[in-house]
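Welcome to this short tour. Please open the structure in your viewer and keep the selection tool at hand.

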Amino acid sequence: MTDVILYCVTMLLISATLTMADNLSESKKNDRLMAVFEEAAGWDDELNAYELQIIMTSVSKPLLGREFHLATCYILVMKFDDDHSGYMNYEEFVAMVGEFKSWQRSFRKLDSDRSDDFDMMELQSALRSLIEGGDPISSGTMAFLIPRYGYNSKVQFDDFVALFMKLQILTDQYIQWKAEGKASFKYNELLQIGML
């Protein structure tokens, strides 16, 4: 019983800290983020995907109505793991929180029907406005992405984060290969292979 109460209090603290952080001074934000990080990270002072999922679920549950996908947490840890340790340290966590807030704002802004998910048209519009430098994403590629990252032709926030991060990585790589003359394939072909 005590563990359940402690878990609930921890979830409330994490959720309140990350959602109210915009209204706090910089030092208070850092103190609260550090407290959230230390609570979830435990003795090793690093987050693995499971520990990150606890934080992400507490912040996103009102939007998703369920746990944040563990697969997306693995992608987040890999993307922000600058020291290649396989874990997220505090500095990496702070960088992730900044990007996460930006993704949340973009998601809410681009969710035109306020349904808390993207249909194919909203997703195409969102990706067009957020992904820079790649060729336009074809309707065939969009039809390919929706069933892989969505459910019932809808993409929820955590699936959007996973899709967006992978898409941005592939787009950046494509731009580099194209500039070097190494891209012997079309952008949408790369996306259909790389987004499996």
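Which residues of α7 are buried? They are Thr-141, Met-142, Phe-144, Leu-145, Ile-146 and Tyr-149, where buried means under 20% relative accessible area, exposed over 50% and partly exposed in between, with a 1.4 Å probe and protein chains only. Now show α6, α8 and α9 as well: the buried residues of α7 pack against these helices. Contact, throughout this tour, means heavy atoms within 4.5 Å.

A word on what you are viewing: this is a predicted model, in which local features need pLDDT of at least 70 and side-chain atom pairs count only at pLDDT 80 or more, while totals for chains, interfaces and linings use all residues. Residues are numbered from 1 along each chain as its sequence is written, and side-chain values use heavy atoms, with hydrogens and water left out.

**The whole chain**

Zoom out and colour by secondary structure. The chain has nine helices and zero strands (strands would be DSSP runs of E with at least two residues). Of its 196 residues, 43% count as buried. Among contacts between residues at least 6 apart in sequence, 60% join residues at least 24 apart.

**The core**

Next, select Leu-52, Leu-76, Phe-93, Met-96 and Leu-127. In the largest nonpolar core, which has 54 residues, these five touch the most other members. Such a core is a set of buried Ala, Val, Leu, Ile, Met, Phe, Trp, Tyr and Cys residues joined through side-chain atoms within 4.5 Å. The largest share of this core, 10 residues, comes from α8. In soluble globular proteins, nonpolar side chains tend to be buried together.

Stay with Leu-76 and display its surroundings. Leaving aside residues up to four places away in sequence, Leu-76 touches Leu-52, Met-56, Phe-68, Met-88, Met-96, Trp-103, Val-161 and Met-165.

**Two crossing helices**

Now select α5 and α8. How far apart are the axes of α5 and α8? They are 11 Å apart, and the helices pack at an angle of about 115°. Axes are lines fitted to C-alpha atoms, for helices over the stretch in contact, and angles run from 0 to 180 degrees between N-to-C directions. α5 and α8 are therefore roughly perpendicular to each other, a term that covers 65 to 115 degrees. To view the contact itself, show Phe-100, Trp-103, Gln-104 and Phe-107 of α5 with Phe-157, Phe-160, Val-161, Phe-164 and Met-165 of α8.

**A buried serine**

Select Ser-60, which lies in helix α3. At 1% relative accessibility, Ser-60 counts as buried. Not counting residues up to four places away in sequence, Ser-60 touches Gly-65, Phe-68, Phe-100 and Phe-157.

**Two loop stops**

Finish in the loops. Most residues other than glycine have a negative phi. Asp-45, in the loop between α2 and α3, has a positive phi of about 55° although it is not a glycine. At 45% relative accessibility, Asp-45 counts as partly exposed. Then go to His-84, in the loop between α4 and α5. His-84 has a positive phi of about 55° and is not a glycine; at 71% relative accessibility, His-84 counts as exposed.

How values were computed
Helix = DSSP H or I, 4+ residues; strand = E, 2+ residues; numbered from the N terminus. Parallel < 35°, antiparallel > 145°, perpendicular 65-115°, else oblique.
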